[in-house]
Amino acid sequence: MKKVGLIVNPIAGMGGKVGLKGTDGQAILAEAKRMGAEQVSPQRTVKALERLIPLKNAIELITYPQEMGEEVANQCGFNPKVIGSITQGMTSSDDTKQACKDLLKMKIDLLLFAGGDGTARDIYNSIGNEIVVLGIPTGVKMHSSVFAYNPLRAGDLAMIYLQGKVKELKEAEVMDVDEEAFRNGFVSAKLYGYLRVPFGRRYTQGLKAGSPPTEKYSQEAIAQKIIDDMENDCFYIIGPGTTTRTIMEKLNLDFTLLGVDLLYRKKLIEEDLNEKKLMEHIKGKKAKLVITPIGGQGFLFGRGNQQLSPNVIKEVGKDNIIVIATSHKINSLNGHPFLIDSGDTELDRLLGGYVIVITGYQESVVYRVIS
Amino acid sequence: MFEKGGTKMSRKNKVRNFHQAKWDEPVIFELSNKGERGILFPEIEKEIEMDIGDGISNLPKNMVRKQPPNLPELSQMQVLKHYLRLSQQTLGADLNVDIGQGTCTMKYSPKINEKLATSSKFTELHPSQDETTVQGILEIIYKLDLFLREISGLDKFTFQPSGGSQAIFAIASIVHAHHEASGESEKRDEIITTMFSHPSDAAAPIVKGYKIINIYPNEDGLPAVEALEKAVSNRTAGLLITNPEDTGIFNPKIREFTRIVHEVGGVCGYDQANANGILGITRAKEAGFDLCFFNLHKTFSSPHGCGGPAAGALGVTEEFIKYLPTPLVEFDESKYFFNYDVPRSIGKVRAFYGVVPAILKAYSWIMSLGSKGLREVSEVAVLNNNYLLKKVLELRGASAPYAEGRHRIEQVRYSWDELYKETGVTTEDITCRMVDFGFHMWSSHHPFIVPQPFTLEPTESYSKAEIDEYIAGLKKVVEEAYENPEIVKTAPHRSVVHKIDVDSLDDPTRWAITWRAYLKKSKK
């Protein structure tokens with residue numbers, strides 16, 4: 001019998017309707033409640049869980065007490081195993097982390113969690129890459145791509161994963177913005193890491209006649225193209241992401257998944273550079289910048305790769321920016337253009353328009369970019 | 001006889017209470033019975049053997065099989081039953097309202113054309129016959145070329161490609177030969193296409209060694225002129241584009257597209273597989289194309305694909321005739337003949353000179369309609385499509401992304417995303433349930449960038465009553481999706497096979513397309 005963990009962050013999403021851009025921290029939660037915010041997370045979780053009812057007797061659902069999972073599980077007719085303890089109405093980030101640790105010990109097959117970017121971060125900090133997870137989107141901030149498109153899809157994807165129909169996993173970004181800065185009108189998103197989620201290609205795209213390449217195969221084809229085209233007297237700045245990481249893996253080089261690395265003649269010059277160090281290396285020299293859109297919203301600059309500052313981008317030059325992405329990643333944007341928020345409005349305008357994106361060894365697409 | 005609560009189909013109640021035959025028929029190899037024979041040949045008579053030998057011993061030894069082939073062994077009656085049963089388990093184009101197979105142009109192919117193509121006068125021809133003995137069919141090939149010149153505005157056609165993708169491959173080869181002639185073939189290694197063009201417009205040039213730049217559509221569903229300007233360069237070999245694309249939206253700026261590509265030295269190829277709504281209305285020539293192809297098996301009656309066979313008619317302007325595959329069929333005012341004297345030809349893309357039954361059927365179809373008739377075909381196909389569009393959009397949960405409020409040409413790529421979000425029922429579920437009402441299932445809506453995509457193409461063949469029947473079926477399924485989604489999600493219920501595990505289609509270790517491969521893989 002498959003074991004499924006369930007963690008509901010009951011306060012996720014409460015800040016949304018009252019315009020608070022998040023509910024991280026007790027003071028903001030109190031403010032949200034004062035402004036009349038109501039819980040939205042449990043109802044949205046129910047929508048996902050209802051999809052799993054056909055598997056009710058085939059899985060063991062393990063969850064935390066009361067509003068952290070027990071209540072919604074009972075509401076959907078499950079008979080959950082309840083572990084841990086909470087103080088009702090006073091749950092916090094610590095409870096999420098503790099629940100993760102407890103569930104990890106239970107050797108679960110899948111962790112379903114309901115929340116937003118803050119919750120995803122807590123999950124990532126507690127379990128890393130050890131368990132396959134899937135996010136039910138119930139929060140305000142949704143920059144991470146660990147979430148299904150909506151609760152229904154989360155339920156459906158969990159269902160087919162548990163039935164063994166989806167075997168492929170993908171590493172999905174966990175991102176979060178600084179809420180305080182966000183409330184003041186600045187977006188400062190950071191890439192925290194990657195969680196393993198079921199790769200619902202076949203499910204999200206419907207039945208296909210052919211056999212499209214897997215995400216990994218596509219990433220390798222793209223990486224090989226970049227490597228084969230590398231010029232000798234040119235620096236290569238490799239931005240964060242799993243697609244860019246494949247280039248480093250193919251070259252047998254050390255790398256930082258979340259940071260920016262610098263290559264010259266296919267050798268690593270330095271890992272995890274900040275803006276200052278990057279500028280020291282490339283100032284006045286020929287350099288190319290290899291980036292991939294970050295997060296579920298398709299940001300090229302300004303989310304998760306702030307080291308690539310307006311100064312660095314200007315030094316490299318627009319024509320030396322190489323954008324790479326798998327077709328699946330582009331298709332998952334549902335036609336929404338790539339976004340740029342470098343912090344320099346003039347530069348953003350300059351980078352807007354259309355960009356050529358390398359999607360395979362011999363394939364590329366022309367895609368729109370807006371700021 | 002009928003489903004509980006169901007009623008007999010009538011003009012008022014258009015949903016059919018269909019149930020498909022289910023014979024539970026094994027694969028023919030499993031029916032094999034060692035030693036069983038369909039025909040018992042008599043022993044060779046001594047007299048004959050003395051005169052001409054036994055027919056085997058004079059063959060070169062290395063050509064004689066050491067062991068007989070592992071074929072199924074069955075009597076005639078068993079074979080007949082087997083295939084009749086299988087035929088009852090299919091939903092053929094002549095049985096159902098086939099407008100659900102969008103992009104396939106499933107139109108009616110008049111039976112008189114089939115009769116011509118199966119006449120012994122025709123079937124007993126051999127492609128190796130001397131041209132003086134096949135003047136009739138050569139005349140038909142030559143005249144169909146003349147018709148298509150008129151329809152496209154281009155200057156010469158060949159029918160050698162045996163399908164659309166092969167015609168696209170031939171176009172890519174001609175583009176390559178053209179640049180090779182000017183010493184630019186190495187530098188010009190990029191072909192530009194669009195996301196909603198047919199996937200073969202990207203795939204076939206890759207086989208030829210080209211790199212592909214694919215343009216994404218904007219919110220209006222069309223590729224932007226600015227995006228094309230980003231894509232073109234001195235590396236551009238050519239443009240391969242479908243218009244209208246599979247969204248049914250016609251690109252009104254197509255002339256600008258060909259101009260931009262020509263300005264950088266590229267060649268423009270037109271995928272006219274979606275020509276069914278524009279015959280006699282727009283032409284490749286006026287849009288600025290150098291090359292184009294039609295699918296005879298779609299637009300020109302001769303049934304589509306597996307109902308086929310297929311034929312890709314490839315046309316070029318004067319400048320590109322010298323690259324066409326050989327032989328060209330020509331006329332010297334007294335006789336029709338094969339012209340092999342084309343020194344810069346790309347060579348053959350297929351043996352002989354084309355899929356002649358499809359050519360014959362297309363010729364017959366055009367002759368029966370005339371130029372006015374061809375235009376009427378397109379007008380009715382467009383009218384049918386826009387009637388269907390209006391009816392589908394009245395259904396709950398349906399939408400037609402892009403070009404909102406505008407009419408489409410001959411097909412529409414719809415989306416059931418809203419219905420999916422509200423009910424959890426997917427496009428795949430809907431098409432499976434439609435089978436229960438006697439409509440063919442169809443799953444190819446590439447590229448999958450429209451969420452929950454669903455492509456319909458009613459063509460000119462279907463009457464209003466039949467379109468209404470299709471809509472009534474769809475309406476019923478939509479109502480079920482909201483009221484009882486499980487019945488849709490677990491469909492089909494009245495077909496040969498109910499739910500199958502489609503996961504294996506993506507798994508090369510499990511799929512098998514030959515009996516030998518099946519035996520090998522199932523042993524693992």
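How many residues does helix α6 of chain B have, and how far does the helix reach from its first C-alpha to its last? Helix α6(B), residues 135-152, has 18 residues and reaches 26 Å, close to the 26 Å expected at 1.5 Å a residue. This is a predicted model, in which local features need pLDDT of at least 70 and side-chain atom pairs count only at pLDDT 80 or more, while totals for chains, interfaces and linings use all residues. Residues are numbered from 1 along each chain as its sequence is written, chains are lettered from A and ligands numbered from 1 in the order in which they are written, and side-chain values use heavy atoms, with hydrogens and water left out.

**Chain A as a whole**

- Chain A has 15 helices and 16 strands; helices (H or I, at least four residues) and strands (E, at least two) are DSSP runs, numbered from the N terminus.
- Of the 371 residues of chain A, 58% count as buried, where buried means under 20% relative accessible area, exposed over 50%, and partly exposed in between (1.4 Å probe, protein chains only).
- Among contacts in chain A between residues at least 6 apart in sequence, 66% join residues at least 24 apart; a contact means heavy atoms within 4.5 Å.
- Accessible areas come from the Shrake-Rupley method with a 1.4 Å probe, and for residues only the protein chains shown count as cover.
- Ile28(A) is found in helix α2 (residues 26-34) of chain A and is buried, with a relative accessible area of 18%.
- Ile28(A) and Lys107(A) are 79 residues apart along the chain, and their C-alpha atoms are separated by 34 Å.

**Two helices**

- The expected span of a helix is 1.5 Å times one less than its number of residues.
- Buried residues of α6(B) include Ile137(B), Leu138(B), Ile140(B), Asp145(B) and Ser152(B).
- Just after α6(B), Gly153(B) takes a positive phi of about 85°.
- Helix α7 of chain A (residues 151-162) has 12 residues and reaches 16 Å from its first C-alpha to its last, close to the 16 Å expected at 1.5 Å a residue.
- Because 12 of the 12 residues of α7(A) are buried, this helix is largely enclosed by the rest of the structure. Among them are Pro151(A), Arg153(A), Asp156(A) and Tyr161(A).
- Just after α7(A), Gly164(A) takes a positive phi of about 80°.

**Salt bridges**

- Over all chains, a search of the whole structure finds 44 salt bridges; a salt bridge is a side-chain nitrogen of Lys or Arg within 4 Å of a carboxyl oxygen of Asp or Glu.
- Arg188(B) and Glu184(B) meet through their side chains in a salt bridge (2.9 Å, N to O). Arg188(B) is buried at 6% relative accessible area, whereas Glu184(B) is partly exposed at 23%.
- Another salt bridge joins the side chains of Asp246(B) and Arg413(B) (3.9 Å, N to O). Asp246(B) lies in the loop between β4 (236-242) and α10 (254-263) of chain B and Arg413(B) in strand β10 (residues 412-415) of chain B, so the pair ties together parts that are 167 residues apart in sequence. Both Asp246(B) and Arg413(B) are buried.
- Arg375(B) forms a salt bridge with Glu379(B), with the closest N and O atoms 2.9 Å apart. Both residues lie in helix α11 (residues 356-393) of chain B, 4 residues apart, about one turn of the helix. Arg375(B) is partly exposed at 38% relative accessibility, and Glu379(B) is partly exposed at 41%.
- Arg153(A), Asp417(B) and Lys421(B) are joined into one network by salt bridges that share partners.

- Ile44(B), Ile48(B) and Ile52(B) form a nonpolar patch on the surface, with about 270 Å² of accessible area together. Patches are made of residues with over 30% relative accessible area and no salt bridge: like charges are joined within 9 Å, and nonpolar side chains (Val, Leu, Ile, Met, Phe, Trp, Tyr) within 5 Å.
- Ile48(B) sits in helix α2 (residues 46-52) of chain B and counts as partly exposed at 39% relative accessibility.
- Gln272(B) lies in the loop between β5 (267-271) and β6 (291-295) of chain B and counts as buried at 3% relative accessibility.
- Not counting residues up to four places away in sequence, Gln272(B) touches residues including Ile278(B), Cys292(B) and Phe294(B).

**Cysteines**

- A search of the whole structure finds 0 disulfides over all chains; a disulfide is a pair of cysteine sulfur atoms within 2.5 Å.
- Cys100(A) is buried, with a relative accessible area of 1%, and Cys104(B) counts as buried at 5% relative accessibility.
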